[in-house]
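Q: Please take a close look at one part of this structure. Then show what surrounds that part, and how the rest is laid out.

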Amino acid sequence: MKNINKFTLKQSQLRSYLYRKKILELSQKVGALHIGGSFSSVEILESIYSFLLKKKDKFILSKGHTGILQYVILNHKKIISKKFLHSYCQKNSKLGVHPDYGNPGIEAATGSLGHGLGISAGLAIGKRNMNLFVVISDGELMEGSTWEYALMISSLKINNIYLFIDANGLQSSTFSKDTHPTLTPIVDKFKAFGWHTKSCNGHKVSEILSAVKTKPKNKPLAIVCNTTKGYPIPYMMNVPMWHYRSPNKKEYNEALNYMNKFYK
Amino acid sequence: MRNKFAEVLYKISKKNKKIRVVAADISPAGKMAELSKKYPDRFINVGVAESSMISMCAGLAMHGFKPFAYTIASFALFRPFEMVRIDIGYQNLPVVIVGMGAGTVYSTLGGTHITPEDVSVVRCLPNFKVLVPCDSKELASMLIYLCKNNKSPCYLRIGKSGEKDYSDKSNDKWEIGKPRIILDGKKDICLVASGPIIRFYFSIIKELKKKKIFPTIISYHTLKPLNDINNYKFFKKFKSIITLEDISEINGLSQIIKGMCYDHNYRGLLFSFALKDKNIKNYGTQDDLLKDHGITAKNIYNKILSFNKKINSKKTN
């Protein structure tokens, strides 16, 4: 793990601001995009890309609908060009809504939920000296496949997996607590499956990294990152409509002005 | 089409207490929201759990309900495929799997969300009906039929939103298994399509008129079961047939028509526009994706002109 101090955390915060700003900018070029879930994952992906991911490691975004966030980060890290990023969903582009295998920096084609953790298990068992960082949504916990992976990974002692659950509490249509009141507590479920499990504020990089530090060598790690969909834009937060929507011009300006104050 | 789906089911639900809509994380909008409010036990959102959606529909059908499993086509069919095959297909239960936004509709969402091969795989399953309405009016007729008469599994392949209606001007009523004349023209050129992609034919109809070509346009809405002999009687009167679909060239409309023509020794001209057997790796509008597979209004137009020329030269000879 890279050095964490006041200075590096301040820089990290600046990057989170820039990622969100860029997503807002790109939202004005397409009819709709998954802005709510992207904004809830910013600090999780920032922690992984800026502090955790080493050259030999791999990262899989299982909640593929927030691919736009990954593309923005890949562009920031100079893995994909600005031109390629701006071709997002444009005519004849190779860059669509969901991450596609074969594009630079993308390890798997995701977008159908409940696949990424299983693919990660294969990558991790195939090369035990690398670490696998996986981000799934809490909505993916409704897929049966997720629980097959959870049981298999701990049983086969695939301990080089770091799982981050973006627990924003919403699925595409509504609040998860409405359709699945027993989805929580998530921590207890993974514990019962033999994982080392932590819960943290998913919008605080320092908290995410502290949780990662607690991982023992003999267990896979699952961190429940408590987040807010649409964070930090007030009109987006916890509003299901913002799962897949582009802000109009007025909403765009409002979001930008709010962010400038928020990150001051 | 999804609005029409909701509207018709809501209307039928008022009289038919057996209707159940089991959705996988589709938010009930419009009439579906009304249905879920008025009859809360008739709209079940299982969440992001498609396998559960299919198995649950099987259980409901065993009680005599009329379940509709409803979500984006890719997740309605591919993800829970074994549940589709065994729970519904093998047990021969009257569950309708509604694949919404099928084919290349979700053109910017990529390979995980587009379904060129849905018809190809589901047609292999014994007992399954495969229905592909060309517009929302045709969809309405199908839903009325399915709620009233259907006793076996069905895959209902629909679009999403904004499709134009063409069939309302047709004098030919919808009937399962019977190719339907949407535009009655001459017998030289027969344009056959499955699904809302029929719009390509209508987009060039004025241009064809200028060239004094008056094709007949057919909605081939039932891709299974097939009434081969009756269908051939219908098609044999045409001098040429062009097929058009937003479905894989393997086991879709084109192969049905080609097989029928081969079996009955059809002597006319035949050409197919279908999705090629390759993954779609580019993004853009639906038309951009189709273009990559050779499906454009211009290509169809040119093919019609070349067929017309051949037919006319035969006539003069």
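A: Start with A:Lys78, which sits just after helix 3 of chain A and takes a positive phi of about 65°. Helices (H or I, at least four residues) and strands (E, at least two) are DSSP runs, numbered from the N terminus. This is a predicted model: local features need pLDDT of at least 70, side-chain atom pairs count only at pLDDT 80 or more, and totals for chains, interfaces and linings use all residues. Residues are numbered from 1 along each chain as its sequence is written, while chains are lettered from A and ligands numbered from 1 in the order written.

Now the helix itself. Helix 3 of chain A covers residues 67-76. Eight of its 10 residues are buried, so helix 3 is largely enclosed by the rest of the structure. A residue is buried if 20 or more other C-beta atoms lie within 10 Å of its own, exposed if 12 or fewer, and partly exposed in between, with C-beta atoms placed from the backbone. Which residues of helix 3 of chain A are buried? They are A:Gly67, A:Ile68, A:Leu69, A:Gln70, A:Tyr71, A:Val72, A:Ile73 and A:Leu74.

What covers them? The cover includes helix 1 (6-27) and helix 2 (35-52) of chain A. Strand 1 (58-61) and helix 4 (82-86) of chain A also belong to the cover. Contact here means C-beta atoms, placed from the backbone, within 7 Å of each other.

Step back to the whole of chain A. Its secondary structure comes to 10 helices and five strands. Its C-alpha atoms fill a box of roughly 50 × 40 × 40 Å along the principal axes. Of its 264 residues, 48% count as buried. Take the contacts in chain A with a separation of 6 or more: residues 24 or more positions apart account for 75% of them.

Strand pairing is another feature of chain A. Strand 4 (residues 196-201) and strand 5 (residues 221-226) of chain A run parallel, joined by six bridges. Two strands pair if DSSP finds at least two bridges between them. Within this pair, A:Asn201 stands opposite A:Asn226 in strand 5 of chain A.

Chain A also touches chain B. The contact takes 27 residues from chain A and 22 residues from chain B.

Chain B has its own layout. Its secondary structure comes to 13 helices and 12 strands. The C-alpha trace of chain B spans about 65 × 40 × 35 Å along its principal axes. Of its 317 residues, 51% count as buried. Among contacts in chain B between residues at least 6 apart in sequence, 78% join residues at least 24 apart.

Chain B is assigned two stretches: domain 1 (2-157) and domain 2 (169-316). Such bounds come from an automatic or database domain assignment. The centres of domain 1 and domain 2 of chain B, taken over C-alpha atoms, are 27 Å apart. The contact between them takes 25 residues from domain 1 of chain B and 30 residues from domain 2 of chain B. On the domain 1 side, the elements that give two or more residues are helix 6 (118-122), strand 5 and helix 7 of chain B.

Strand 5 of chain B leads on to strand 6. Strand 5 (residues 129-131) and strand 6 of chain B pair in the parallel sense over three bridges. B:Lys129 has B:Cys154 as its bridge partner in strand 6 of chain B. Strand 4 (residues 96-100) of chain B also runs parallel to strand 6 of chain B, with four bridges joining them. There, B:Val96 stands opposite B:Cys154.

Where do the side chains of strand 6 (residues 154-157) of chain B point? B:Cys154 and B:Leu156 point one way, B:Tyr155 and B:Arg157 the other way, and all are buried. In a regular strand the side chains alternate between the two faces of the sheet.

B:Leu183 is buried, because 20 other C-beta atoms lie within 10 Å. Leaving aside neighbours within four places in sequence, B:Leu183 is in contact with B:Thr216 and B:Ile217. B:Ser167 is 16 residues away from B:Leu183 along the chain, and their C-alpha atoms are separated by 8.4 Å.

Terms used. Two residues are in contact if their C-beta atoms, placed from the backbone, lie within 7 Å.
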